[in-house]
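Thanks for coming, everyone. Please bring the model up on your screens.

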Amino acid sequence: MKIRIVTLFPEFFSGPLQAGLLGRARDGNLLSLSLHNPRDAARDKHRTVDDRPYGGGPGMVMLLEPLAATLRALGHTGHDETGESGPKQGRILMLSPKGRPLDQTLARDLADSLAGGRPLTLVCGRYEGIDARLEEIFPVEHVSVGDFVLNGGETAALAVIESAARLLPGFMGHDESGLDESFSGGLLEYPHYTRPELFENLAVPDILRSGDHGRIAAWRREQSLAATLSVRPDLLADAALSGRDMAYLRSLPHENLARNLFCALVHYPVLDKDEKSVAVSLTNLDIHDIARSSCTYGLGGYYVTTPLEDQRRLLETLVTHWTTGEGAAANADRAKAFALVRAAASVEEAADDVAARCGTRPYLVATSASGTGGMGFAAIRALLRERPVLLLFGTGRGLAPDICSRCDAMLPPLRPLGGYNHLSVRVAAAIVMDRIVGDW
């Protein structure tokens with residue numbers, strides 16, 4: 001099983017490839033690791049491997065000719081008629097910020113390639129990058145180890161090598177070791193303990209010394225769930241979770257950012273079909289469904305804004321019916337949702353009410369299917385830790401430019417690449433809430 005590393009700095013790998021399990025795998029002929037310097041393929045006496053970029057700009061770009069010659073010397077002949085390389089040539093991986101993120105799934109895929117007899121060639125870039133034509137000649141796969149910048153691809157290559165190699169049969173001695181660790185089951189790993197039982201008044205958990213393997217397995221599962229929810233909740237979206245897992249996750253305390261999130265369904269000023277600024281009437285279904293979404297996602301409140309007094313009276317009748325009238329007795333869930341609803345004559349009045357409740361003015365954020373954005377969903381989520389946010393959803397054909405100009409930011413469209421892009425406001429509101437404060 002072969003891994004070939006193409007690098008301008010082969011000395012970078014002299015220590016890591018000899019240490020620990022990697023060194024033992026090489027000594028035991030389980031894994032072949034070789035280093036290949038493009039300087040050796042350079043044709044001039046200075047062994048030049050870089051040059052100035054076309055179009056100007058800072059830095060240097062790695063030359064194409066020495067890299068192509070190095071890859072061909074390793075048996076890579078380039079794309080075949082299908083645009084792929086043959087299995088005997090193996091795979092070419094280029095360490096690059098624009099690549100597929102390195103995760104456990106990719107590591108297993110690479111390990112399977114190695115075990116199936118397909119060598120891996122890792123190309124380590126330097127300087128400002130590599131001449132892009134290399135990708136037109138060879139079937140290069142880009143791999144990224146994270147959203148940060150390194151001096152070159154060597155450090156990233158080590159991460160790729162170790163993550164894949166440790167999954168090879170026989171690499172760790174006990175093959176099951178690779179199954180019972182972080183990310184293997186979609187979760188972070190549970191904590192580990194060893195002797196002594198007591199160290200500086202810190203004891204090993206009693207359950208691990210009980211000898212009850214069923215209880216120990218259950219405890220470890222719960223610890224994995226708790227750690228993942230606390231540190232990497234995004235992993236839970238793709239984890240295989242049982243009903244018991246979900247019940248345990250619900251029992252755990254977690255950050256409730258939504259308490260600082262408020263929304264307003266704006267009926268003026270909004271646009272009509274002729275792009276004129278108008279006031280529109282309330283729609284029963286919008287009020288119901290956005291109230292239910294607001295309650296589901298734990299928002300601090302939901303405002304229905306209209307300058308029309310008769311429309312506010314209508315809203316009051318509707319809210320009273322569901323919170324203290326006959327509707328409350330018939331449907332307790334609907335009563336809980338409608339308890340969040342408040343009427344306001346304007347967006348300014350709604351913002352004043354949020355300020356009175358939270359002690360500080362809310363950050364006003366407009367939503368639009370046709371806007372260009374300016375503030376992402378993750379940025380709004382981060383802002384909720386500091387101050388309240390009031391989301392504005394427009395009725396009619398959307399918020400008028402006047403109200404948008406008075407907002408602090410605008411979210412991007414939910415489908416920036418879509419063509420049709422005409423969701424109902426109640427559907428759009430639910431999606432926006434989920435993207436900002438969804439559980440994972």
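Start with strand β10. L261, C263 and L265 point one way from β10, F262, A264 and V266 point the other way, and all are buried. Buried means under 20% relative accessible area, exposed means over 50%, and partly exposed lies in between, with a 1.4 Å probe and protein chains only. Strands are DSSP runs of E, at least two residues; helices are runs of H or I, at least four; both are numbered from the N terminus.

Some ground rules. This is a predicted model, where local features need pLDDT of at least 70, side-chain atom pairs count only at pLDDT 80 or more, and totals for chains, interfaces and linings use all residues. Residues are numbered from 1 along each chain as its sequence is written, and side-chain values use heavy atoms, with hydrogens and water left out.

Back to β10, residues 261–266. What does it pair with? Two strands pair if DSSP finds at least two bridges between them. β10 runs parallel to β16, residues 389–394, with 6 bridges. There, L265 has F393 as its bridge partner. β10 also pairs with β13, residues 301–305, again parallel, over 5 bridges. In β13, Y303 is the bridge partner of A264.

Now helix α1, residues 20–27. Its buried residues are L22, G23 and A25. Down the axis of α1, they fall within an arc of 160°, so they line one face of the helix. The arc is taken from the directions from the helix axis to the C-beta atoms. Turned away from that buried side are the exposed residues G20, R24 and D27. Just after α1, N29 takes a positive phi of about 60°.
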